[in-house]
Amino acid sequence: MNINYKLLLLLVVLCQSCTQAIVINTVVPEPLVEKIENFNLGVIYEDNIQNYQYENINSESSSCCEINFSDSQLNLFRKIFQSFFPGLIELPNNNSEMLSNVDLYMEPQLDTFEFLSPEESRNDKYAVWLKYKIDIFDNKKTLLSSWHITGYGEQDTGSFGANESLTKAIDLALRDTGVNLAIQIEDDFDKLVKLISTDS
């Protein structure tokens, strides 16, 4: 057998053995908030909300990490938006049509996902940061504002394995994002309505 072929085969085996495949299935509790009646919100989810998968290769430790967010981000935004807006309308992300029954459009997208392993941070914790950008448009698709929503989570390794610790840190970051999004809607939605009224 050719030596180069043997080396290539060994490299493939090593990469396969070091791969950590993590699937995130975070459940965000429904917030107890006041409904915003008689207002139809159209939401367009970008691909990195619906189908985000992260792959990292750490050259220092020669370890691999694959993270499949599954439906966790999509369910997060659905849960928060549906809690506020009974008239929620979900639209495909290639939608360009202006609908007469939509008062406001929101387009959430994942801006940043970062995490530090215990080896990188030199402690016994996994730390996770999420940052989302939500572009907000009126019913004529004119940009009104952009919200920047963040989430943070950390988890001690303790008695947990590496995968479970990282999963728990991501769960906490997603839940923190949900809380911050609910607060943002409560604090700023009246301002958006005033902008719509001024624009019209």
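Keep in mind that the model is predicted. The sheet is open and has 5 strands, in the order E5-E2-E6-E7-E8. Let's take it piece by piece.

**The sheet as a whole**
- Pairing among the strands of this open sheet is mixed.
- Strand E5 (87-91) and strand E8 sit at the edges with a single partner strand each, so one side of each has no neighbour in the sheet.
- From one strand to the next, the twist averages 25°.

**E6 beside E7**
- Strand E6 covers residues 104-116 and runs antiparallel to E7, joined to it by 12 bridges.
- To find this pairing in the structure, look for phenylalanine 115, which stands opposite valine 128 in E7.

**E7 beside E8**
- Strand E7 (residues 125-138) pairs with strand E8 (residues 143-156) in the antiparallel sense, over 13 bridges.
- A handy landmark here is isoleucine 134, which stands opposite tryptophan 147 in E8.

**A nonpolar patch on the surface**
- Leu116, Trp129 and Tyr152 form a nonpolar patch on the surface, and together they have about 250 Å² of accessible area.
- Is tyrosine 152 partly exposed or buried? Its relative accessibility is 33%, and because partly exposed covers the range between under 20% (buried) and over 50% (exposed), tyrosine 152 counts as partly exposed.

Note on methods
Residues numbered from 1 in each chain as written. Predicted model: local features only at pLDDT ≥ 70, side-chain atom pairs only at ≥ 80, totals over all residues. Heavy atoms only, no water. Pairing = 2+ DSSP bridges. Helix = DSSP H or I, 4+ residues; strand = E, 2+ residues; numbered from the N terminus. Patch = residues over 30% accessible without salt bridge, like charges linked within 9 Å, V, L, I, M, F, W, Y side chains within 5 Å. Areas by Shrake-Rupley, 256 points an atom, 1.4 Å probe, with all protein chains shown as cover. Salt bridge = Lys/Arg side-chain N within 4 Å of Asp/Glu carboxyl O. Buried < 20%, exposed > 50% of the residue type's maximum accessible area, 1.4 Å probe, protein only. Axes fitted to C-alpha atoms, helices over the stretch in contact; angles between N-to-C directions.
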